[in-house]
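Please look at the sequence and the structure before reading on.

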Amino acid sequence: MIKNNRLTKEQYQQNFSDIHPPFETQDAALVEANRCLFCYDAPCTKSCPTSINIPKFIKQISTDNIKGSAHTIFQSNIMGAGCSKVCPVEKLCEGSCVFNLMHETPIHIAKLQRYATEKAIDQKWQLFERKKSTGKKAAIVGAGPAGLSCAHVLSREGIDVTIYEKESKGGGLMTYGIAAYKVTPKFCEDEVNYITSIGGIEIKYDQELGKNISLVELQKRYDVVYLAIGVGLARQLDIPGEDATGVIDAIKFIYELRNNDFSSLAVGDRVAVIGLGMTAIDAATQAKRLGAKEVTIIYRRTEAEKPCTDVELDIAKLDGCNIIWLAAPKEVKSINGKVNQLVCSRMKLGEPDASGRRSPVDTNDTFELDVDMIIKAAGQTPFEKLVSDISIINTKGKIEIRNCASNIKGVFAGGDCVNGGKEVVDAVQAGKDGASSILSYLGIKNE
Ligand code: SF4
């Protein structure tokens with residue numbers, strides 16, 4: 001049965017507490033920083049999408065120059081604090097640390113990054129100076145990682161930025177789409193406030209493109225427009241019975257979880273989660289942590305092809321989630337309109353596709369799973385409707401851009417709405433790239 005209020009207040013608190021706690025003492029951070037070999041041509045930096053100078057910021061921590069360390073991080077990634085909590089570091093910086101080659105624990109880069117950046121946010125250190133206003137104005141649509149990152153670079157260069165955000169809070173995916181035990185709403189709010197505290201950035205909330213504002217209007221009022229609207233709707237399964245009560249989108253599930261009291265959120269006894277990306281893992285683990293008795297993840301390929309990282313998969317396993325490999329949803333069965341069974345096809349792996357990835361093939365053998373809730377996390381589709389009126393959609397349904405510029409003069413785009421949905425850190429880099437293109441377009445030197 002789908003119901004709320006399954007646990008005690010203390011259990012909710014424990015289940016949704018910080019999954020990666022910070023260093024307990026300054027000494028602990030110093031000891032970890034001093035383990036770093038400060039490699040020349042550091043592989044950790046090369047594998048960071050925003051190219052943070054990792055040996056430099058760790059060296060600064062080791063000499064107790066925390067302000068300098070935070071500056072080094074924020075210079076490359078203004079959301080460095082949030083990224084230290086949500087980045088899949090095992091496949092990025094920490095996964096490339098040379099200690100892995102020696103079969104030793106890699107440097108805890110994310111924890112050190114968190115140590116420096118959280119202090120900067122807590123102490124409200126203003127580490128960047130905004131240049132004199134150039135008189136140029138930019139409109140950014142979306143206050144998520146790409147929009148905020150772009151805004152910060154532009155503001156530093158003296159552009160007056162107005163961000164139009166459809167939600168009532170900033171942060172985008174960070175605030176609305178990530179597991180609650182990774183980042184708290186308070187942290188997300190503090191991070192947005194820290195970014196905008198440089199000045200020259202105004203966020204107008206509850207303003208949706210295509211509803212409250214139009215691109216034509218923004219083009220008239222601003223010198224440039226940057227679209228950072230993220231990805232939108234969850235991909236449908238296109239199977240019979242999908243509209244039964246109890247079948248929900250993972251994005252909506254996580255959104256509700258991030259916006260409400262945990263005890264008010266209803267979850268089933270037996271939950272099936274379709275997909276195995278980060279959103280699927282977040283939905284599965286949170287359903288379990290809300291009190292679901294049984295959570296089963298359905299994935300149509302094998303573990304070798306999984307889109308999530310080993311660490312994410314381990315979290316799901318540790319939380320007690322089951323995983324059925326080589327299975328795909330075929331039909332949702334319901335009683336009185338309420339879901340009670342998921343019929344799945346057993347799959348096998350076929351020939352590799354153009355990307356070299358082996359495609360799943362239906363074996364025509366099925367099995368049933370008794371469930372009372374199904375969470376769909378099979379990917380997202382872009383906000384096609386919002387942008388279709390400006391003719392910058394390519395055949396795959398993504399915004400078509402070249403060097404961050406669209407085919408409309410003065411209109412730029414970046415982040416998930418262009419790449420179809422990647423990590424937060426990729427969106428931050430996209431925002432920097434967008435700002436760099438905008439500055440060139442405006443004839444302003446980017447320093
Ligand atoms: Fe330090 Fe590891 Fe990066 Fe080398 S690869 S600089 S040891 S964090």
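## Largest cavity

Helix α8 gives the largest share of the lining of the largest cavity, three residues. Helices here are DSSP runs of H or I with at least four residues, strands are runs of E with at least two, and both are numbered from the N terminus. The model is predicted: local features need pLDDT of at least 70, side-chain atom pairs count only at pLDDT 80 or more, and totals for chains, interfaces and linings use all residues. Residues are numbered from 1 along each chain as its sequence is written, and side-chain values use heavy atoms, with hydrogens and water left out.

The largest cavity has a volume of about 130 Å³. Of its 16 lining residues, Cys48, Cys87, Val89, Cys93 and Gln113 are the closest to the centre. Two or more lining residues come from each of α6 (80–86) and α8. By class, the lining has twelve nonpolar, four polar and no charged residues. Ala, Val, Leu, Ile, Met, Phe, Trp, Tyr, Cys and Pro count as nonpolar, Asp, Glu, Lys and Arg as charged, and the others, Gly among them, as polar.

## How the spaces are defined

Rolling a probe the size of a water molecule over the atoms shows where empty space is left. On a 1 Å grid over the protein atoms alone, a cavity is a set of points where a 1.4 Å probe fits but cannot get out. A pocket is an open set with protein on both sides within 12 Å along at least five of seven lines, and lining residues have an atom within 4 Å of a point. Grid points are joined across faces, edges and corners, and a volume is the space filled by probe spheres set on the points. By this rule there are two cavities of 30 Å³ or more.

## Gln113

Gln113 is part of helix α8 (residues 109–122). It is buried because its relative accessibility is 7%, where buried means under 20% relative accessible area, exposed over 50% and partly exposed in between (1.4 Å probe, protein chains only). Leaving aside residues up to four places away in sequence, Gln113 touches Ile52, Phe57, Ile73, Gly80, Cys83 and Ser84 (heavy atoms within 4.5 Å).

Elements α3 (43–46) and α4 (54–62) give two or more residues each, and α4 has the largest share, three residues. The lining has 15 nonpolar, no polar and no charged residues.

The ligand sits in this second largest cavity, meaning that more than half of its atoms lie within 2 Å of the grid points. Residues around the ligand (a heavy atom within 4 Å) include Cys36, Cys39, Pro43, Cys44, Cys97 and Ile107. The shell around the ligand has twelve nonpolar, no polar and no charged residues.

## Second largest pocket

The second largest pocket has a volume of about 480 Å³. It is lined by 22 residues, and His20, Val89, Glu90, Glu94 and Ala110 lie nearest its centre. At least two lining residues come from each of α6, α7 (93–96), α8 and α15 (310–318). By class, this lining has nine nonpolar, six polar and seven charged residues.

## Gly241

Gly241 lies in the loop between β5 (231–234) and β6 (247–249). Its relative accessible area is 28%, so Gly241 is partly exposed. The C-alpha atoms of Gly241 and Asp433 are separated by 43 Å, with the two residues 192 residues apart along the chain.
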